[in-house]
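Student: Can we go through this structure together? I'd like to start with the overall make-up and then look at the packing.

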Amino acid sequence: MQTACQAVQHQRGRRQYNKLRNLMKDARHDCILFANEFQQHCYLPRERGESMEKWQTRSIYNAAVWYYNHCLGRMPVVMVTEDEDAIRQYGNETEGVFVISFKNYLDNFWVDLKAAHELFDSILQSRRERESESQENNGKEYPEHLPMEVLEAGIKSGRYIQGILNVNKHRAQMEAFVRLQGASRKKKDLQSDILIYGTKARNRAIHGDVVAVELLPLHEWKGRTVALCENEADEKASGDTSSEPMPTGRVVGIIQKNWRDYVVTFPSKEESQTQGKNVQKILVTPWDYRIPKIRISTQQAEALQDCRVIVRIDVWESTSVYPNGHFVRVLGRIGDLEGETAAILVENGISVAPFSEVQMSEMPVSTLENPWRVNPEEELKRVDLRDTHLVFSIDPKGCEDVDDTLSVRTLANGNLELGVHIADVTHFVPVNSYTDLEARARATTYYLADRRYDMLPSVLSADICSLLSGVDRYAVSVMWELDKTSYEIQRVWYNRTIIRSAYKLHYEAAQGLLDGDLSGVDEILELKELDERNRQQKLNELVWAIGKLTDIARHVRAKRDSCGALELEGVEIRVLLDDKKNIHDLIPKQPLEVHETVAECMILANHWVAKKIWEKFPQQALLRQHPPPRQEFFSELRECASAKGFVIDTWSNKALADSLDRANDPLDPIVNKLLRSMATQAMSNALYFSTGSCSEEEFHHYGLALDKYTHFTSPIRRYADIAVHRLLVAATLKDTKENIKDSLFSNKDLDELCSYINNRNRAAQRAQKQSTELFQCMYFKDKVAEADERCVADGVIYSIRTNGVLVFVPRYGIKAPAYLKNKEGLVISCQSDGSCEWKPGFLQHFQNRITSTTTAGESVTLSLFEHITVKILGQSSRCHADTLKLEIVSNTPYEITDADVSQNSHVMKSDLVKEVTKSAEAQLAQERARAEIIQEEYQEYCQTKGTSLYQLLEEIRDLDLLDVSAGNRV
């Protein structure tokens, strides 16, 4: 009822009110809002002297009675309230209208719902404890937060600064940073985040909260800690090792609390005994280091000592050191794969409930006995490409959700036709259907190391919408006519089509065909059943198509390179599992030229679709922007490069590209890869946005050097692409019905959707990263480091700290700390044979190196980019995620095995091919550019704002540019 909703706003605040309204708006819950205050027989005026709460209760009861009579008494109405006076007054007044407490409601209507009963008891106990505690505690642990009106006025005047609190997980007790947001970012002349030092200055704000901050006087500013810190116990030991002072402040108020479900662990039996005699009050430790301990009341502490559980925070009073919360439910046992995976999902707010019956009832029928077929009526509306085009897909091995296919052919006039064909998901997912609403809520498919959670039901994602080989499928196609020699675009068109993919290739097989290696042809299933003659003919056609696609991609890539393109480096690890899901190996992804071929075609399609939907819907098109990075984020890159004598210019894209190309050590290719990885980390995230919410100057995609860009090529696994498909269909097809245009999102709704999808994408990236780290830890956890040679590897130092170094292990894609000073105060000492041991001594920290000197005068210096031998150890944690720890075994490089030599030579060969190709194509592009610079088509296609713009092709997680990567497709 309307009055009940307003009661929530009046008593619990606007945030809880908005959550309730959003739940009711979600069509999956089948909720109806009854505006009882605007119904003639339900409205009751508020009496003189009557409190708001009493009037609201009376209004709700009166509306309940009216509704009962309106239904002719055929259905009882239950009014649930915690107001005991209302229960006494109205409980027996009207037959058929029950006014009861929530506990009675559970006891009488949901007797068997055990989880709900336990949750209610937990909340009730937490409330009682909170009320008791507030009566006992008079002293304040924290200052009171300023009222909201004071905060808003202070932010407007510039006295206070608004931003999001980010806690440093490595020093959670001491360091947090506030990144400026909204008007504060524009008004304040601050070049860095604001440091919040210590929990007192944090003033009960929790990681992720939107806070108001007051800057401290200049003499109270502090610097970041530059020492390695393994856990909270180490924080005090290294408190004096900080960098230059930076803006420092304190939290004066919380503008928006972003509390969520938290995964926690109960204290062990020994720890419980030290917490006090009252065993019902328990301090639980969150899985996330950045969240403070939470006090809850429960009688199940002993039974849940070995479990991961979910709790919620209720309140954090100024009189309490810790926030108070309540127990929600159990996830699983500590260390168990399913329990740890569930913890990752909860921590990232990912819900993976099975698709409901009503959603599945919307699905088309497709079985082995009765496979899905093309509808004859729909066939007449589409362009049929089944007999005219050689269409095929190139994906990772084992890929089931095939979003995209490619085609290339020679036209009658001698020109080429390039086609990108994308699964037509929107044909099977009508706007605002239950499946559409669920896909919108999930926003993306979530890929973990050993599994995936689909955005769409598998009958669509792995069957009817998946562009598998040998079957008819609906697609949305973008087709270009290219000049036969220059590959310049002559025209482009968009159509809903019917295709039949001829081949489902994996990357390695396609690369083999591209390289002329036919040894893997037997793995191409579609060729196996053919006789020798037909097989050779089909193979020749396929080899020509892959080669021609690669030529086109090289041309497009060379043109972009001439405008200042930059290759950045991203580390991607593939977890190999055996049949029993045990970890067989961890394999770094090997770059192949065919990856770039597919990626370039996808980027081309995304760019042209972005232009088309913006032209038709300039105020409500969904595009993707990539803001320029902040210059201070490049400081570590510049410092590290200087250690090798390289100068990195970051003030323009072109300067950065040229600098990184020159920063190449011919004796050690890892140096350039690490520098490019640092440049990747300095980049800001690419974001979806609605064109009606930004000026056209802000549309620009910095990474890809395109003035307009979107995501169109992966509708099976990204909801943004579904929205873009609907925009494209409405923008291009002449027979489009008016109701399709009417169903498009308004600018406001699209802006909210983009914000939500951006949030879910970040959650998906974090979950994938944490899942990979979980499997990395599991891989090394049970191995005996001293006996297993897989635990010893070559490492490269990429950062120097006051008490150790950060090391990159190329073999496993691991980045982790290696300490030069242990907890006993001993420092590392290297012997004449290169082996290391701990001895008394001290450390000396410099910008590009660190020296360990023993009391006997022995010293060893480790420098940036130096190769060392490390031992990889799995480090278990009872309360948090397991981690990896590196121990320096020798200050000399690790002796590479034959397998590693083979692997490295493959990478070097790939890099060599890439360099030769890049050089040749760049030279060709420059010659053509000089001859054709006046051509209008060339200027239109370049889509640049100057020669300083560049692209990213290999950055995957942060920028989400390469949508065809193995890690994202499983």
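Student: How many helices and strands are in the protein chain?

Tutor: The protein chain has 28 helices and 36 strands, taken as DSSP runs (helices H or I, at least four residues; strands E, at least two) numbered from the N terminus. This is a predicted model, in which local features need pLDDT of at least 70 and side-chain atom pairs pLDDT 80 or more, while totals for chains, interfaces and linings use all residues. Residues are numbered from 1 along each chain as its sequence is written, and side-chain values use heavy atoms, without hydrogens and water.

Student: What percentage of the residues count as buried?

Tutor: 52% of the 970 residues. Buried means under 20% relative accessible area, exposed over 50%, and partly exposed in between, with a 1.4 Å probe and protein chains only.

Student: Which residues touch the most other members of the largest nonpolar core?

Tutor: Phe392, Leu460, Trp480, Leu505, Leu622 and Phe712, in a core of 91 residues. Helix H19 (residues 593-616) gives the largest share of this core, ten residues. A nonpolar core here is a set of buried Ala, Val, Leu, Ile, Met, Phe, Trp, Tyr and Cys residues joined through side-chain atoms within 4.5 Å. A second, separate core has 77 residues, including Ile670 and Val809.

Student: And what does Phe392 touch?

Tutor: Leaving out residues up to four places away in sequence, its contacts include Leu406, Tyr503, Leu505, Leu542 and Leu549. Contact means heavy atoms within 4.5 Å.

Student: Back to H19. How do H19 and H23 cross?

Tutor: The axes of H19 and helix H23 (residues 719-732) come within 9 Å and cross at roughly 60 degrees. The axes are lines fitted to C-alpha atoms over the stretch in contact, with angles from 0 to 180 degrees between N-to-C directions.

Student: Which residues meet there?

Tutor: Val609, Lys612, Ile613 and Lys616 in H19 meet Val724, Leu727, Leu728, Ala731 and Thr732 in H23.

Student: What is the phi of Asn203?

Tutor: Near 50 degrees, a positive value in a residue other than glycine. Asn203 lies in the loop between helix H9 (199-202) and strand S6 (210-215).

Student: Is Asn203 buried or exposed?

Tutor: Asn203 is buried, at a relative accessible area of 1%.
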